[in-house]
Amino acid sequence: MPKIHELSENLTNQIAAGEVIERPASVVKELVENSLDAGATRIRVDFIDAGLKQIVVQDNGTGIARDQVDLAFTRHATSKINNEHDLFKVATLGFRGEALASISAVSHVEIITATEGAIGVRATFSGGNKKGQEDSAARQGTKITVKDLFFNTPARLKYLRSPRTETMKIVDIINRLSLGYPHVSFTLSNTGKVILRTTGNGNLKQTVANVYGRHIAEGMEEFQAKDSDFKINGLMSKPSLTRSTRNFISILLNGRYIKNFQLNTAIMDGYGSKLAARHYPIVVLAIHVDPLLVDVNVHPTKQEVRLSKEKELSRLITSAISNALVEKVEQTSAFSNLHNQRDTLVDQLEFNLNQDVVNTTRSKEPEVHEEESVFSAPKKDATEEKQTSSGYVNLNIPREDDKYIITKTWDKNVALQQTLTPFSSNQNNQEVISSGDETLANNLPRLAYIGQTDTYLISENNGDLFLVDQVAARRRLKFEQIFKMIAAKKIVQQGLLTPIVLEFGNLDFLQIKDRIEQIKTLGIHLEEFGQNSFIVRSYPTWIHNNIEESIRQILDSYLNLDKGKSNSLFKRVAALQAKREIKGKIKLSAAEGKQILLDLRKTTDPYHDADGCIVLIRMSQNELRKMFKRNE
């Protein structure tokens with residue numbers, strides 16, 4: 001066995017750096033947290049090449065005294081705790097005394113700092129060793145420049161992601177910190193281009209607007225609650241404003257961004273069923289608690305903490321969000337918003353007859369003829385007349401006698417109807433359709449238009465009765481029209497007299513910018529326009545109204561979509577636009593009703609709209625006979 005020996009200080013520093021400095025974003029986090037602990041109200045972060053080439057963090061905090069600069073770069077040297085008792089009431093973001101030592105161990109570092117009324121000092125470190133120190137003119141505060149990160153540990157580089165991903169991680173860190181400290185002004189720039197700038201005026205909603213964009217901030221609601229141990233407050237998005245990941249949920253514990261699965265679950269429970277499947281809200285949750293109830297000394301990055309009374313806190317969060325939704329947001333359950341739903345729904349297939357449709361009141365001396373209506377009934381005695389004095393029969397209640405239209409077989413027949421698809425897969429009366437039309441193997445038979453109710457078109461084929469939901473039918477037709485146009489990439493553009501400027505949060509901006517060519521296939525041409533903004537000078541003609549709102553919702557669909565699923569996105573965009581344009585029923589002429597029935601036969605699925613809702617139902621001759629007891 002090799003001899004045991006003590007590692008050199010330089011090597012131990014490099015090993016320790018691996019626990020704290022995983023990537024460039026880790027450097028940014030540690031340096032900015034030091035600035036916040038120093039009482040800074042203005043912090044500027046600049047980086048180049050995703051932070052590998054250079055990171056600069058400058059603040060207006062208290063600064064570091066001349067005789068403590070060397071100590072600041074020594075492991076386990078800190079001004080934030082003095083004894084073991086202080087570990088149980090940590091009120092600062094940093095306290096381990098490892099940040100500067102770990103950073104200097106794997107990079108070249110320059111620090112320029114000055115305390116109030118003192119001459120500044122400039123010092124340089126490289127690979128964990130001090131290279132020099134001199135006086136320097138400087139304002140109160142600290143400026144730290146980190147260059148050539150991991151220059152002496154190149155193996156670390158292979159574990160880094162793409163420059164874009166590393167850049168987004170830096171952006172994410174500053175976003176979270178700015179949300180935790182709305183009274184601090186943050187400026188973040190990449191190679192001289194400003195990505196984020198917050199006002200630092202203490203207004204959380206204003207900070208959310210700076211981080212996620214004004215459009216999102218305007219759609220968020222405040223919530224708050226407290227009990228004997230916790231006080232919470234924050235902002236939450238309406239259920240209609242979501243993202244495809246939990247990354248837009250920020251939990252801030254005494255200003256510290258933390259990751260906690262149970263608290264995330266509590267937030268989702270507060271929304272209940274108001275969120276669609278695999279959609280997550282945008283939430284900024286600030287938790288204020290006595291530091292004695294928190295153990296932050298669990299993980300080197302300090303993002304995982306232990307909380308006393310975590311279950312009580314979860315219940316408080318869930319109730320606060322749930323109450324805020326009830327008070328401020330009108331929203332129905334999102335179970336009905338599940339897309340591509342093909343399960344048969346009872347309320348869609350039920351032939352919703354009016355409960356009071358059958359008038360059983362009879363004249364005293366009814367006249368019976370051979371052509372007597374099926375609604376006629378034998379003459380009643382006094383007892384029967386008394387039983388029907390209400391005048392109407394509830395059709396939902398099965399009857400044991402044969403004097404009413406609906407018998408005890410009604411429930412059985414309805415149950416049978418619900419197990420059937422709208423049409424059998426084998427049609428005997430297949431008709432020749434032009435080869436240019438896309439049709440199902442069990443294509444819709446030719447329907448003869450009869451008339452319409454307030455919502456439904458009434459038609460028939462070979463004695464079978466068909467009810468067509470005109471709204472669902474029109475949405476299916478509009479969906480087909482838009483989707484074919486997008487898929488064929490034959491999109492006509494309409495110029496705008498006044499261009500539209502779309503502002504986004506920095507993370508959303510980066511994601512949209514990364515997919516700008518894919519978005520162009522929809523006919524939406526975006527040009528960069530200032531900080532985190534795009535300008536739109538024309539729009540595709542398949543968008544007919546509310547141009548800006550429609551484009552925003554389409555781009556939002558991109559943010560909620562996994563990469564590589566462009567075809568499913570095209571369908572989703574077409575479905576959303578069809579639903580946006582066809583909002584409700586309208587009065588149709590007979591010619592328009594006939595045309596809808598003809599056009600439905602040419603669609604890829606005439607039985608459902610793009611969201612899976614049923615377009616039409618059929619009642620066969622046999623089913624109609626049973627309903628009217630013609631077989632008895």
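This is a predicted model: local features need pLDDT of at least 70, side-chain atom pairs count only at pLDDT 80 or more; totals for chains, interfaces and linings use all residues.
Me: What is the mean pLDDT of the protein chain?
Reply: Of the residues in the protein chain, 74% reach 70 or more. Confidence stays under 50 over residues 331-393 and over residues 423-442. The mean pLDDT of the protein chain is 79.

Me: Which residue forms a salt bridge with Arg 572?
Reply: A salt bridge puts a side-chain nitrogen of Lys or Arg within 4 Å of a carboxyl oxygen of Asp or Glu. Here the closest N and O atoms are 3.3 Å apart. Arg 572 lies in helix α17 (residues 566-581) and its partner in the loop between α18 and β24, so the pair ties together parts that are 39 residues apart in sequence. The partner is Asp 611.

Me: How many strands are there in the protein chain?
Reply: Helices (H or I, at least four residues) and strands (E, at least two) are DSSP runs, numbered from the N terminus. The protein chain has 19 helices. Its number of strands is 24.

Me: Where does Asp 605 send its side chain?
Reply: Asp 605 sits in the loop between α18 (590-600) and β24 (616-619). Asp 605 is buried, at 13% relative accessible area. At 3.0 Å, its side chain reaches the backbone nitrogen of Tyr 607.

Me: Which strands stand at the edges of the eight-stranded open sheet?
Reply: The order is β5-β4-β3-β6-β2-β1-β7-β8, with mixed pairing. Two strands pair if DSSP finds at least two bridges between them. An edge strand has a single partner, so one side of it is left without a neighbour in the sheet. The edge strands are β5 (129-136) and β8 (193-197).

Me: Which residue in β7 stands opposite Arg 42?
Reply: Strands β1 (residues 42-48) and β7 (residues 185-190) run parallel. Six bridges join them. Opposite Arg 42 stands Ser 185.

Me: What angle does helix α5 make with β7?
Reply: Helix α5 (residues 163-180) lies across β1, β7 and β8. Axes are lines fitted to C-alpha atoms, for helices over the stretch in contact, and angles run from 0 to 180 degrees between N-to-C directions. The angle between α5 and β7 is about 175°.

Me: What is the relative accessible area of Leu 196?
Reply: Leu 196 lies in strand β8. A contact means heavy atoms within 4.5 Å. Not counting residues up to four places away in sequence, Leu 196 touches residues including Ile 174, Phe 186, Val 211 and Gln 531. Leu 196 is buried, and its relative accessible area is 0%.

Me: Which residue caps the N-terminal end of α8?
Reply: Helix α8 covers residues 261-271, and its buried residues include Leu 263, Ile 267 and Tyr 271. Gly 272 follows α8, with a positive phi near 60°. At the N-terminal end, a side-chain oxygen of the capping residue lies 3.0 Å from the backbone nitrogen of Gln 262. The cap is Asn 260.

Me: Which residue pairs with Glu 527 in a salt bridge?
Reply: The N to O distance is 3.2 Å. Glu 527 lies in strand β22 (residues 527-528), and its partner, 10 residues apart, lies in strand β23 (residues 533-540). Glu 527 is partly exposed, at 36% relative accessible area. The partner is Arg 537.

Key
Residues are numbered from 1 along each chain as its sequence is written. Side-chain values use heavy atoms; hydrogens and water are left out. pLDDT is the predictor's confidence in each residue, from 0 to 100. Buried means under 20% relative accessible area, exposed over 50%, partly exposed in between (1.4 Å probe, protein chains only). A polar contact is a pair of N or O atoms within 3.5 Å; within protein, one must be able to donate a hydrogen and the other to accept it, and residues adjacent in sequence count only if both atoms are side-chain atoms.
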